[in-house]
Amino acid sequence: SPHVNISSRLEALTKTYGVDILMSGQFSKHLSQTKYLRSLDRVMVKGSGVPLLIETWDAQAASEAVDDDFLATWQRAFNQYLEGEWSEAQVQFQRCLAERPDDRPAAVLLEFMSGSA
């Protein structure tokens, strides 16, 4: 089934992005609480011809009352990344890493942009 295939691919990608849970953008539209969702990337999943938006629940932001700035910076960086404005996105992702040095999603996207430049 395509749903099982996508679930399996998402599970495998949790290791790449260093997060506990990933979900598709389609799935997250059905959640009642979205404040702490972070869009992480658009990926091609084997068996699908369209890019899949992947998101995670940011448990660290949910547990810290002052993390709205981080999420706003992340969203700016992610939008710039999707729009191909990579030099601007890199600056914003570096700000994310300055605030959270162990943030694997920021490190992954910075590494990807550096390798693709």
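Is Ala59 buried, exposed or partly exposed, going by its relative accessibility?

What we have here is a predicted model, where local features need pLDDT of at least 70, side-chain atom pairs count only at pLDDT 80 or more, and totals for chains, interfaces and linings use all residues. Residues are numbered from 1 along each chain as its sequence is written, and side-chain values use heavy atoms, with hydrogens and water left out.

Let's start with the overall layout. The protein chain has 6 helices and 3 strands, taken as DSSP runs (H or I of at least four residues for helices, E of at least two for strands) and numbered from the N terminus. Reading from that end, the order is α-β-α-β-β-α-α-α-α. The radius of gyration is 14 Å, close to the 13 Å from the globule rule for 117 residues, so the protein chain is as compact as a globular protein of that length. For the record, that radius is taken over C-alpha atoms, and the rule is 2.2 Å times the number of residues to the power 0.38. Along the principal axes, the C-alpha atoms fill a box of roughly 40 × 35 × 20 Å.

Back to my opening question. Ala59, in helix H3 (residues 59-63), has 48% relative accessibility and so counts as partly exposed. The cut-offs are under 20% relative accessible area for buried, over 50% for exposed, and partly exposed in between, using a 1.4 Å probe and protein chains only. From Ala59 to Ser114 is 55 residues in sequence and 27 Å in space, C-alpha to C-alpha.

Now for another alanine. Ala89 belongs to helix H5 (residues 86-99) and is buried, at a relative accessible area of 0%. Which residues does Ala89 touch, leaving aside neighbours within four places in sequence? They are Ala77, Gln80, Tyr81 and Met113, where contact means heavy atoms within 4.5 Å. Ala77 sits 12 residues away along the chain, yet the two C-alpha atoms are separated by 4.4 Å.

The buried residues in H4 include Ala77, Gln80 and Tyr81, along with Phe70 and Trp74. After H4 comes Gly84, with a positive phi near 80°.
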